[in-house]
Amino acid sequence: MFTHVTRPGAIGSLQVANRLVMGAMHLNLETLDDGGAALAAFYAARARGGAGLIITGGSAVSPVAAGGPGYSHVNDPAHHPALRRTADAVHEAGGKIALQLFHAGRYALTDGSGLTPVAPSAVYSRFSRTTPRALTEADIRATVADFARGAATARALGYDAVEVMASEGYLINQFLSPLTNLRDDAWGGDAARRRRFPLAVLRAVREAAGDDFPVLFRISGADLVPGSSTQEETDALAVALAREGVHALDIGVGWHESRVPTVQSAVPPGAWASYAEAVKKALCAAGHADVPVIASNRVVGLDQAESLLRGGGIDHVSMARPLLADPDLPAKWTRGRSALVNVCLACNEACIDRSFGTERVSCLVNPRAGHELAFPEQAAADPPRSFAVIGGGPAGLEAARALAALGHRVTLFEADEELGGQFRLARQVPGKEDFGATARYFAAELARLGVDIRLGRRLGLGDAGLLRHFDGAVLATGVQPRIPDIPGWPLLHTLTYPEVFARPETLGERVVLLGGGGIATDLAHLLTGERTPATPQAFLAAYGLGDGPVTGPPTARHRLTLVRRGPRIGAGTGPSTRWVVLSALRAHGVEMVTGVRYREITTEGVVVQGADGAERLLPADSVVFATGQEPERAAVPALRAAGVPFEAVGGARDAAGVNAVRATAEGLRAAHRL
Ligand code: SF4
C-alpha cells in the first residue's frame, strides 16, 4: 500500500531506505551538559522508527549565526563530541543523518549574548525586535567560509550530508528578498545579484566538503510576505542551484514575520505541497528533473505522504512534528497499525513555541519526546504492580499508558462515558479537530497494553474498599470551573464553559464570555461558527493565495464579547498560535475588553469598571464563566481511607494555569515515580 513512501531513493551519493525525511527542528537539547546523550537518544529513536533520512535542527556556522542560546555550533570544537555522538547513534539505529547548516541573520535572538545580529541590510525585524548590522564585503566572504567549514566539519563528524538553511526568512533567504536586501553592490540589487550569496555558499560548501558529499538546500517556496521574492525568482533560484550541483531541494514556506499561518492547526494538511511541486516543475522544465525535491510543512500522515508521492510532483516528503509526536509513525503505518499512531495536533505548544526560547522541546501528546533517556519504556525488572488511575483526561491517559508500558497492571476509572477529558472539549474548536484523534489513539493504545478501562465510574468516599486492592494510584481527575463572586449572577442566563461546550445551542444571541484565557478564546472561536478550511485550495484562497473560490465567513449566530480582567486576551496561548486565533476572532467581529473589574450582573448584561473608574454595561442575553478552574479532588478521601499511596497530577494537583502540556508531562512523571 505504501509503495511510493517505501521506495529507496538517492540524494546525490546518499542512498536512503525510503522517501520519508525527518525535517529540521531546533530542540534545545543541543547544548545540554550531557555530552549529547539526550540529543543522540532523541534522533536514534526516530531512526529506529523508520525515517529514511533525519535532518538535524540548525547548527550555527558562527557565534552570531545562532538562533538563540540553545543552538549547537558546528565550527566550535566544544560542540563536536555531542554532534559526533548524535551521528553515530543514528547510524547504529540503521538511519541516515544530515546536519543543517544555519545562520539566523536578522532573526538571531541574541539577548544577553552581547552580539548584534547581522544581515544583508539593516532592516528591523519584528520577530527578533532588533535592527541588524549590515554585513560588510569582508563579513560576507567570512560567512561563506563559515558555511564551507561547517560542511567539511559535518563530514568529518560522520554526517551523511548537510542541508543549508535558506528558507523561513533566515540569513540566506534575507539575501534573496528585496525586502531585506537593500544593497546596491555585487550582493544585492536585481534578483541575479541577490542570488549570488546562496550560490557562493553552495560552491564553497561543495569545494570544502568534496563534490561527492551530498548537499541539500532548504529554499522558500513562498515567503508569504508582501513584496518579497516572486515565483519566477524562486524558480530561477532552484534552477541556478541545480546548475551549481545541489543534490536536493527541500521546500519550506513563510517567514516568522508572515501573517499567513503555515504550521498551525488552522492550516489543512497538504496546504503547501503545491509550492514544492511548482519548484519541481521549474527544475524539470530547465532539464534538472534529476534533482530531488522534498515537500515540507503540514504533512501529517503516511497516507498523505504516499498520495503526494504517487502524484509524481515531488520525490520525498518531510515531517518534523509528527515524528516528535510518534517516533514510530513510519513503522506503525507501514505495518498496518495506523490506529496506534499518536497524531501531532499542530498545536506547537511544547515544540515550536519552546524552540524560540531555551526550554527543552517536547510534545503535548508525547511527553517522552526529548526525554527518552529519563523515561525508558522497557518493562521494569521488579514484579509488576497494580495501579488505579482515576480520571481519563490528558494526565490520566498518559499516566495509564506509561504505567502499562512499564509492565504494570492498570485500571483506569473515568467518570464520563468516554475517555478524553479536556481533549473532548478541544476537538469541537475550529482547527482543533485532531484532539479527537488523540483521544482515539489513547483508547487504542490502552487497549493494546491491556489497561482495564471502567467508564462512567466516578469514585467517591464509598470506594475506599475498592481502592485498597491497588499498590498505588494516580489522581488525574482534572478541574471544575471556578465561579467568581459577582453580585446578581442568577439574574441572567449564566453558564459555565463545560456547559456551553456540551450544549452551545442554549445560548442567547448576545453572549458575554468572562475570562480571556485559552479556554475562553477556544469557546469564542467555536461560537463564531467558523469551520476549518476543508481543503488546501480553500485555505489558500482565504489568504489570497492560489485561485480557489473564496467563501465568506458564516452568518454569526451570536454577538460575542470576551472580557478579561488582565491586560491580554489569550495570554498563555503560545506565540505561534495566539495571533492566528486572535485574527480569527477579530475577523468574526468578536469584541475584546481587557483590564476591567467585573462589578455586577444585571438583567441587561454585565457591568464592568475600567481602569479609569468608569462603569460600562456589556449587553448580554447569556453570560459564560470561563474564569479559571479549581482542582477536582473528590476521590482523595477514598484514597486516604484506603491507605493507598497516590500522586496527584495535572489540574487535580494544581489548577492554576494548567494546560494539556503540563498535564501529560505530569502523568508520565508520576508513572515513573510510583
Ligand atoms: Fe505536534 Fe503539539 Fe506535539 Fe508539537 S507539541 S509535536 S505540535 S502535538
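I began with the shell around the ligand in this predicted model and sorted its residues by type: nine are nonpolar, one is polar and one is charged. I then listed the members by name: Arg321, Leu324, Cys344, Leu345, Ala346, Cys347, Asn348, Ala350, Cys351, Cys363 and Leu364. I also looked up the space that the ligand takes, and this is the second largest cavity.

Next I turned to the largest nonpolar core, which has 140 residues. I asked which of them touch the most other members, and found Phe197, Phe217 and Leu249. I noted that helix α6 (residues 196-209) gives the largest share of this core, with eight residues. I then checked the core against the domains: domain 1 (9-334 + 347-354) and domain 2 (386-480 + 630-673) both give residues to it, so the core lies between them.

Leu157 is in the loop between α3 (137-156) and β9 (161-166). I read its relative accessibility as 3%; because buried means under 20%, Leu157 counts as buried. I also took the C-alpha separation of Leu157 and Ser128, which is 31 Å for two residues 29 apart along the chain.

Asp416 is in the loop between β15 (409-413) and α14 (422-426). I found a relative accessible area of 36% for Asp416, so this residue is partly exposed. For the pair Asp416 and Gly391, 25 residues apart along the chain, I noted a C-alpha separation of 9.1 Å.

Terms used. Residues are numbered from 1 along each chain as its sequence is written. This is a predicted model: local features need pLDDT of at least 70, side-chain atom pairs count only at pLDDT 80 or more; totals for chains, interfaces and linings use all residues. Side-chain values use heavy atoms; hydrogens and water are left out. A residue is near a molecule or strand if one of its heavy atoms lies within 4 Å of it. On a 1 Å grid over the protein atoms alone, a cavity is a set of points where a 1.4 Å probe fits but cannot get out, and a pocket is an open set with protein on both sides within 12 Å along at least five of seven lines; lining residues have an atom within 4 Å of a point. A molecule sits in a cavity or pocket if more than half of its atoms lie within 2 Å of its grid points. Ala, Val, Leu, Ile, Met, Phe, Trp, Tyr, Cys and Pro count as nonpolar, Asp, Glu, Lys and Arg as charged, and the others, Gly among them, as polar. A nonpolar core is a set of buried Ala, Val, Leu, Ile, Met, Phe, Trp, Tyr and Cys residues joined through side-chain atoms within 4.5 Å. Buried means under 20% relative accessible area, exposed over 50%, partly exposed in between (1.4 Å probe, protein chains only). Helices (H or I, at least four residues) and strands (E, at least two) are DSSP runs, numbered from the N terminus. Domain bounds come from an automatic or database domain assignment.
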